[in-house]
Amino acid sequence: MFEILQIPALSDNYIYIIIDKKTNKTACVDPAVSDAVLALLEKKKLKLNYIFNTHHHHDHIGGNLEIKKKTNCKILGPEKDLKRIPGIDIPLKNNDEFALGNINFKIFEVPGHTSGHICFYSENAKLLFCGDVLFSLGCGRVFEGTNNQMWSSLLKIRSLPDSTNVYCGHEYTKSNILFALSLDPENKKLLNKKNEVENLLRDGKFTIPFNLGKEKKLNPFLNSDNKNFQKMLGVSDYSSQRTFDYVRKKKDLF
Ligand code: ZN
Ligand code: FE
């Protein structure tokens, strides 16, 4: 049993606090800021044990040092970003494992958005914290890596079980849906999803987390090797990589 608290921060970031109920071990994922995290810990009478960082961007690590100072927590982050992320105590690389109480996490390196980006996957808790690699109906911009790395990283995530609940770094779902619909305007499932998302947002709710199985069907980036999708885009002769490049470029210009 576990609980996840979700804190909206900055303009569209999400910070997560995950608590293993049996042991009370607690971790904060990608603290963009410190004050909202410290206030919630105080309110819930929680002791923070760890910070998990997915990548070095400021909107994912901004709260690191202040939170560490106040809570004495240990910081876990990508080994490749030791020099760029302040305060890392436990450097992580591909296939490392880490237990938060009874929740077992496996670390995957998922370069593309940044070269050192990692995600935290738990098979037993059906959880994925993927930072800025996969978003609902979208994927991260390719800043440091190559499109080739990003497509490989998305394939790695796509290979995880459909039942996985994905906790990403940003609330980008609305604009991502508008982009997906610009490619495939008649898609009933996308139109339904748009309604669903608009209702959630209108009620002040979050569209994150999302189900990976549904995402595999709807996310244009995850369908770069889908023949029907390629046909609809008019790029039947493209490889999956070239299709990914094409969709990513279109999104960058959208
Ligand atoms: Zn980022
Ligand atoms: Fe971000």
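1. The side chain of Ser 153 reaches the backbone oxygen of Pro 111 at 2.7 Å, a distance to be read in a predicted model, where local features need pLDDT of at least 70, side-chain atom pairs count only at pLDDT 80 or more, and totals for chains, interfaces and linings use all residues. Residues are numbered from 1 along each chain as its sequence is written, chains are lettered from A and ligands numbered from 1 in the order in which they are written, and side-chain values use heavy atoms, with hydrogens and water left out.

2. Ser 153 belongs to helix H4 (residues 147–158), helices being DSSP runs (H or I) of at least four residues and strands (E) of at least two, numbered from the N terminus. With a relative accessible area of 3%, Ser 153 is buried (under 20%; exposed is over 50% and partly exposed in between, with a 1.4 Å probe and protein chains only).

3. The zinc ion (ligand 1) is coordinated by His 55 (NE2), His 57 (ND1), His 113 (NE2) and Asp 132 (OD) at 2.2 to 2.3 Å, donors being N, O and S atoms within 2.8 Å of the metal (3.2 Å for Na, K and Ca); water is not among the atoms, so sites may look incomplete. The 4 donor atoms subtend angles of 85 to 171°, which makes the arrangement irregular.

4. Asp 132 coordinates both the zinc ion (ligand 1) and the iron ion (ligand 2), which are 3.1 Å apart.

Definitions and conventions:
A polar contact is a pair of N or O atoms within 3.5 Å; within protein, one must be able to donate a hydrogen and the other to accept it, and residues adjacent in sequence count only if both atoms are side-chain atoms. Four donors count as tetrahedral if all angles lie between 85 and 135 degrees; four count as square planar and six as octahedral if opposite donors are over 155 degrees apart and all others between 65 and 115; anything else is irregular.
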